[in-house]
Amino acid sequence: MTTLTPAPAPAAADTRGRPAYKVTGPRVLRAEWAKLWSLRSTWITLSLSLALLIALGMIFASTYAPGADARGPGAEAADAVAVALGGLNFAQLAIGVLGVLVMAGEYSTGTIRSTLAAVPTRLPVLWSKVISYGGTAFLTAGVTVFVSFFASGRMLDGTDIALGISSPGVVRALLGAGAYLALVGVLGVALGALIRSVAGGIGLLVTTLMLLPLLTSLLPTTLRDNITPYLPSSAGGSMFALHPASDALSPGAGLAVFAGWVVLALAGAAWRLARSDA
Amino acid sequence: MIEINRLVKRYGEKTAVDGLDFTVRPGVVTGFLGPNGAGKSTTMRMIVGLDEPSAGSVTVNGRRYATHRAPLQEVGALLEAKSIHPGRSAFHHLNALALTHGIPRRRVDEVIEQAGLSQVARKRAGAFSLGMGQRLGIAAALLGDPQTVILDEPVNGLDPEGVLWIRNLLTGLAADGRTVFVSSHLMSEMALTATNLVVVGRGKLLADTTVERFIQDAGGHSVKVVTADPARLRDLLRGPDVEITAGESAEELQVVGLDARQIGATAFDHGVPLYELTPQTVSLEEAFMGMTGDAVEYHGSLAATPLGSAA
C-alpha cells in the first residue's frame, strides 16, 4: 500500500456529463448473485452437503437388508426414493445454515451497512437473496437428488424396492425433495434476516425443522394428531414421500403448507428489514 | 449539500442525537467534531438512511437519501471501517456494490487504484490491516463519484502516509465543488483539513462555525505581557483592533491584535520595563476540550480536566 494518488479530479460536481447510474431490481439481483458466489463458504457448504446426500444415499442402498440380523441405516428402507433421500436430513441442515449465513452473515460482518447504503429501499436486497440463493439451492439440490436416485438405485437393482425413474410418483417425489431443500434454504435466509445473528438464526432453524416435532410429541394424542401434519417438517416431508402415511398431507398440500410457513417467515423478515435500524 | 433539521434520535431512554440543526455546504471540508459518544456516527447513519430519525429530518442534495435513483452517486459514505465480509476480496466487495447501480467495472478498478489497493484487491479482506480496511471503505465511498462524501473517522488506523493521503483527498474533493463532511474526535486533525466546523457534545450542537473563528474564540493569537506598569502599557497599546484584558496577576496583560514584536517595540520606545512577553499558542485540543468538557460521555478515571485555555 504505497501508491499515493493525488486527489481525484474527474467530473466536476455538476450533474451534467455524469453517467446516469440507477438502482434497479435486476441489478440488485446481479449484485446478490455475485456476492453469493464470491464467498468460498458457498462453494464449500453446497458441494459438501450435496456430496453427503449422494454418499448417504449409497450407504443406505448398500445396507438395505430387510429382515437380516446385521442392521445398517438403510436396512428397512420403504422404497428406492427413501433410500436416495437418506441423507436429506444432513443436506437440509447444511442448506438451511448457508441460507442463514447469506443474510445474518451480513449483519455479523458489517457488510449490511454497505449493502443498505447502496440499496436504501432495502427490500430488493431480501428478494434478491431469496431468488439467487433459493434458485441456486433448487437447481443444485434438484440435480443432486436425481443423481442420488440413480446412484443408489443401481445398487438396489434386483431387490424388492428397486424402482425406475419412470415408476409412478418417482419424478414428482424427487422434484419435491429439490423444492423442499430450496425452501429450507429460503427459510434460512428469512430467519437470518429476522434474527440478524448467525447463531440465533441457526438455532431457530434447527428448532423449526427438528425440535418442533419432538416437542409436539409431548402433547395429548388427539391434539397432536391434528397439529403434526401441519408442522413445517411434516408438511415438508409430505412433499417428497413416495407413499405418504395415512395421516400425512398430500404432496400438493404439503408443499402449500410448507411454503406458507416460509412465506410467513419471509413476511416477518421483510417487516424487520424495512422497519428497524440497520 | 446536507441539510439537517431538528434531528433527534432516541434509543429507548437514551437520546443519542438531540435536536441537531445545521447545513453542510459544498466546496469546503466541514469537520464534524465531538467526543466519543457525542452522536456523530448516529447522525451520519441517519444521513444515509441506516437509522430512522425519531424526529426531524435530514436531506441530501435536496431529497431524502433513500429516494435518490442512484444513492451512491449522491453520497459516498465511509461509516465504519470493515463494513465488509472477511471472506470476500476487496474487488468482489466493490464490484457487488457497483453492480447494484450499473457502475462499470472500469470504475471499480479506478477506485482500487486510487485507494492504493491494487496489490491486495484480490485477497480476502479478512487479512486486511485496519489501515487497508479504511482505504477500502474510502474506495467504496468514492465508487459512485458522488457529489457528497461522508467519512466517519477516516484517519483512524492510518499510518502518517495514509493520513496525508486522506488530507489531500479531502481538500481535492472539496476543491472539485463537492460537499465533504468528515467526523473526528481530534481537533488538531480537523484544523489541518477543515474549513467549517460543526461541534457536538451529548447529541447537542455546541458550535457551527469556521475553524478560523473557532481558533479566535478560543483566544487565538494572543500575547501574554508582564510589565512593571500595566496601566501605562494598556494606554500605549490601545487601538481599534486591539483587545487588552487583565491577566492572572496584577502585572499581567493579555493582548489580542498585536504581535510580540510590536508590543516589545512600543514598550521600549516609551521605556516601560517588560518582564515577560510570550506569544500564546492556544492548543486547539484544549479549546475543544474546554467546549465539550461538560459534554463528554465517558470520563476516564484520570479525566483530563480542561486546562482553561488562555482567554
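Q: How many Å separate the centres of domain 1 and domain 2 of chain B?
A: In this predicted model, the centres of domain 1 of chain B and domain 2 of chain B, taken over C-alpha atoms, are 44 Å apart.

Q: Where does each of those domains of chain B run?
A: Domain 1 of chain B covers residues 2-216, and domain 2 of chain B covers residues 220-282.

Q: In what order do the strands of the open sheet β11-β13 in chain B stand?
A: The order is β11-β12-β10-β13 in chain B, with 4 strands and antiparallel pairing. β11 (243-246) and β13 (274-279) of chain B are the edge strands; each has a single partner strand, so one side of each has no neighbour in the sheet. From one strand to the next, the twist averages 20°.

Q: And how many bridges join β10 and β12 of chain B?
A: Strand β10 (residues 222-227) of chain B pairs with strand β12 (residues 252-256) of chain B in the antiparallel sense, over 5 bridges. Within that pairing, Val223(B) has Val255(B) in β12(B) as its bridge partner.

Q: Which strands does helix α10 of chain B lie across?
A: Helix α10 (residues 260-269) of chain B lies across β10, β12 and β13 of chain B. Its direction is at about 165° to β13(B).

Q: Why quote an area for an interface?
A: The accessible area lost when the parts come together is often used to give the size of an interface.

Q: Which side chains form the salt bridge between the two chains?
A: Asp277(A) and Lys9(B) meet in a salt bridge through their side chains, at 2.6 Å from N to O. The count between chain A and chain B is 1 salt bridge.

Q: Back to chain B: what do β1 and β2 form?
A: β1(B) and β2(B) form a hairpin with 2 residues between them. In the turn, Gly12(B) has a positive phi of about 60°. Strand β1 (residues 2-11) of chain B and strand β2 (residues 14-24) of chain B pair in the antiparallel sense over 8 bridges, and Tyr11(B) stands opposite Lys14(B) in β2(B).

Q: What about β8 and β9 of chain B?
A: β8(B) and β9(B) also form a hairpin with 2 residues between them. Arg202(B), in the turn, has a positive phi of about 50°. Strand β8 (residues 196-201) and strand β9 (residues 204-210) of chain B pair in the antiparallel sense over 6 bridges, and Asn196(B) stands opposite Thr210(B) in β9(B).

Terms used:
Residues are numbered from 1 along each chain as its sequence is written. Chains are lettered from A and ligands numbered from 1 in the order in which they are written. This is a predicted model: local features need pLDDT of at least 70, side-chain atom pairs count only at pLDDT 80 or more; totals for chains, interfaces and linings use all residues. Side-chain values use heavy atoms; hydrogens and water are left out. Two strands pair if DSSP finds at least two bridges between them. Axes are lines fitted to C-alpha atoms, for helices over the stretch in contact, and angles run from 0 to 180 degrees between N-to-C directions. Contact means heavy atoms within 4.5 Å. Domain bounds come from an automatic or database domain assignment. A salt bridge is a side-chain nitrogen of Lys or Arg within 4 Å of a carboxyl oxygen of Asp or Glu.
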